[in-house]
Amino acid sequence: MKSLLKNAREEKGLKTRELAQLAEIDQALISKFESGTRKPTRDQILKLAQLLEIDYETLMIAWLKEKILYEIGDEEFALKALLLAEQEIQNNKKQIDSIIITSVQTILDEIEILKKKIQSYSHFELRQISKTLELDFIFKSIRLCGNPLTLEETKSVINEGLTIQGKSIQNHLEAINFQEATSYIKDLSQNKTSLNEKDFLLIHNLIFKGFESENSGKYKNNSLIMREMNLFFNWYESQKNNLHPLILASEAHLKILEINPFEKGNLQMANLILNWILIQYNYSYASIEENQNSINEYFSILEQSQIQNDKSIFINYIIKIEKENLQQAIALIGK
């Protein structure tokens, strides 16, 4: 942890005095954190992670590891105690997941009714819904990431290959590429292809085709990122048959943003992975409305969930979005 803090501070070009002022922490303490003679509090970890732009989860794991080593590192039965602690943590996690399911069971039941209603539609009606929702998802997803194209402009670019005056080449490519990535995850879902690293990296490459090619389809050059992503795919494999698809998709979204594995495109990838999982289980795309209030709400919920270390905040939000999107899909047939 001491190396993480010192390296991040030096990369920022900050002196210990300057960091101390920004974090409102005594300069002597900052020096002791970096030398390893003192440990920050949890609140101080949060402040330092934000100021130094260190991934919060990475710093917390390093902090907890050192805390454990300090407390029991020299104990004769430390490893046996850790194994028992791991089992208890896993059991507690199962209880937390069960509590989350219980708290949202009513809306999950409502979602299942809506989903079955859509599945009862004719092949023609399903195609009509699918085409409309896919375009809507593409438009709202690129808008979430700052693309200025309107819905009609997005449709013209994707379906007719038109060039929109006043919009950059990159704006056009973002729409075209996201459409290709969306088609790709749809094909993967129809083929029941489970989330995997090969396709994950290929999707990242797709969304940056024609620009940002140097870093597309590649993780940051950081051994910790490689390890975290390996843990992510192991987590997915172990949980895909245990968690409700909406919870699985929401947690996957959160984990990608926490790991932050790419130089660019982490938000797009988290969004695509969430929806890859959802449509594989015959749910609708979970699209954030394009208006600024909805976009602000999404980022606010994300921040709140991360700061409070409470994934249920984001899970509840995605479940609400999914229900609204299913209702909108049903409304399309009535038009």
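**Close-up views of a predicted model**

**View 1. Lys240 and Glu237 pair through their side chains.** In this predicted model, the side chains of Lys240 and Glu237 form a salt bridge, with 3.0 Å from N to O. Lys240 is partly exposed, at a relative accessible area of 21%, and Glu237 is partly exposed too, at 41%. The structure holds 15 salt bridges, and the next two views show others.

**View 2. Glu134 and Lys186 join two helices.** Here the N to O distance of the salt bridge is 2.8 Å. Glu134 belongs to helix α8 and Lys186 to helix α10, so the pair ties together parts that lie 52 residues apart in sequence. Glu134 is buried, with a relative accessible area of 9%, whereas Lys186 is partly exposed at 24%.

**View 3. Glu297 meets Lys320.** Their side chains form a salt bridge of 3.3 Å, N to O. This pair links helix α15 (residues 292–307) with helix α16 (residues 311–334), bridging distant parts of the chain, 23 residues apart.

**View 4. Take a look into the second largest pocket.** Its volume is about 610 Å³. Of the 20 lining residues, Leu126, Ser130, Ile279, Asn282 and Tyr283 lie nearest the centre. Helix α8 gives the largest share of the lining, six residues. By class, the lining has eight nonpolar, eight polar and four charged residues.

**View 5. A nonpolar patch sits on the surface.** Leu64, Ile68, Leu79 and Leu82 make up this patch, with about 360 Å² of accessible area together. Helices α5 (56–72) and α6 (78–103) each give two or more residues to the patch. Leu79, in helix α6, is exposed, with a relative accessible area of 67%.

Definitions and conventions. Residues are numbered from 1 along each chain as its sequence is written. This is a predicted model: local features need pLDDT of at least 70, side-chain atom pairs count only at pLDDT 80 or more; totals for chains, interfaces and linings use all residues. Side-chain values use heavy atoms; hydrogens and water are left out. Patches are made of residues with over 30% relative accessible area and no salt bridge: like charges are joined within 9 Å, nonpolar side chains (Val, Leu, Ile, Met, Phe, Trp, Tyr) within 5 Å. Accessible areas come from the Shrake-Rupley method with a 1.4 Å probe; for residues, only the protein chains shown count as cover. A salt bridge is a side-chain nitrogen of Lys or Arg within 4 Å of a carboxyl oxygen of Asp or Glu. Helices (H or I, at least four residues) and strands (E, at least two) are DSSP runs, numbered from the N terminus. Buried means under 20% relative accessible area, exposed over 50%, partly exposed in between (1.4 Å probe, protein chains only). On a 1 Å grid over the protein atoms alone, a cavity is a set of points where a 1.4 Å probe fits but cannot get out, and a pocket is an open set with protein on both sides within 12 Å along at least five of seven lines; lining residues have an atom within 4 Å of a point. Grid points are joined across faces, edges and corners, and a volume is the space filled by probe spheres set on the points. Ala, Val, Leu, Ile, Met, Phe, Trp, Tyr, Cys and Pro count as nonpolar, Asp, Glu, Lys and Arg as charged, and the others, Gly among them, as polar.
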